[in-house]
Amino acid sequence: MAKNTNAAPAKPERLIYCGPTIPGGALQRYAVYKGGFPAHLDDLFAKCPAIKALFVPVADLAKTVNAIATKGTRE
């Protein structure tokens, strides 16, 4: 069987960090990462796994910012 060569390649996942800027340059609010979670932050994720929840798909940014501004939400 022949493969479908007309299919568009999948775009790498783009995540945006919505948490506070972390001193020392580890993370900056609203930084966008292409290709999923940044590997250089693996040690930080190991120390504080909840930080991963502050990365959202770029398309969800407006919804997440609204949730951050609303008291009582997880964000």
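The model is predicted: local features need pLDDT of at least 70, side-chain atom pairs count only at pLDDT 80 or more, and totals for chains, interfaces and linings use all residues. Residues are numbered from 1 along each chain as its sequence is written, and side-chain values use heavy atoms, with hydrogens and water left out.

Student: How many aromatic pairs are there?
Tutor: A pair of aromatic rings is described by the distance of the centres and the angle of the planes. Rings of Phe, Tyr and Trp (its six-membered ring) pair if their centres lie within 6.5 Å; planes under 30 degrees apart are stacked, over 60 edge-to-face, and the rest tilted. By this rule the count is 5 aromatic pairs.

Student: What kind of aromatic pair do Tyr17 and Phe55 form?
Tutor: Their centres are 5.2 Å apart. The angle between the planes is 50°. That makes the pair of Tyr17 and Phe55 tilted.

Student: Which strands hold Tyr17 and Phe55?
Tutor: Helices (H or I, at least four residues) and strands (E, at least two) are DSSP runs, numbered from the N terminus. The pair links distant parts of the chain, 38 residues apart. Tyr17 is in strand 1 (residues 14-17), and Phe55 is in strand 3 (residues 55-57).

Student: What kind of aromatic pair do Phe45 and Phe55 form?
Tutor: Phe45 is in helix 1 (residues 42-47), 10 residues apart from Phe55 in strand 3. The ring centres are 5.8 Å apart, with 80° between the planes. The pair of Phe45 and Phe55 is edge-to-face.

Student: Which residues do ring pairs link into a cluster?
Tutor: Phe45 and Phe55, both buried, belong to the cluster. The cluster linked by ring pairs is Tyr17, Tyr33, Phe37, Phe45 and Phe55.

Student: Why does Ile51 count as buried?
Tutor: Ile51 lies in the loop between helix 1 and strand 3. Buried means under 20% relative accessible area, exposed over 50%, and partly exposed in between (1.4 Å probe, protein chains only). Ile51 counts as buried because its relative accessibility is 10%.

Student: Which residues does Ile51 touch?
Tutor: Contact means heavy atoms within 4.5 Å. Residues up to four places away in sequence are not counted. Ile51 touches Tyr17, Ile22, Leu27, Leu44 and Phe45.

Student: Which residues is Thr64 in contact with?
Tutor: Thr64 lies in helix 2 (residues 61-69). Thr64 counts as buried, at 8% relative accessibility. Leaving aside neighbours within four places in sequence, Thr64 is in contact with Cys18, Val56 and Glu75.
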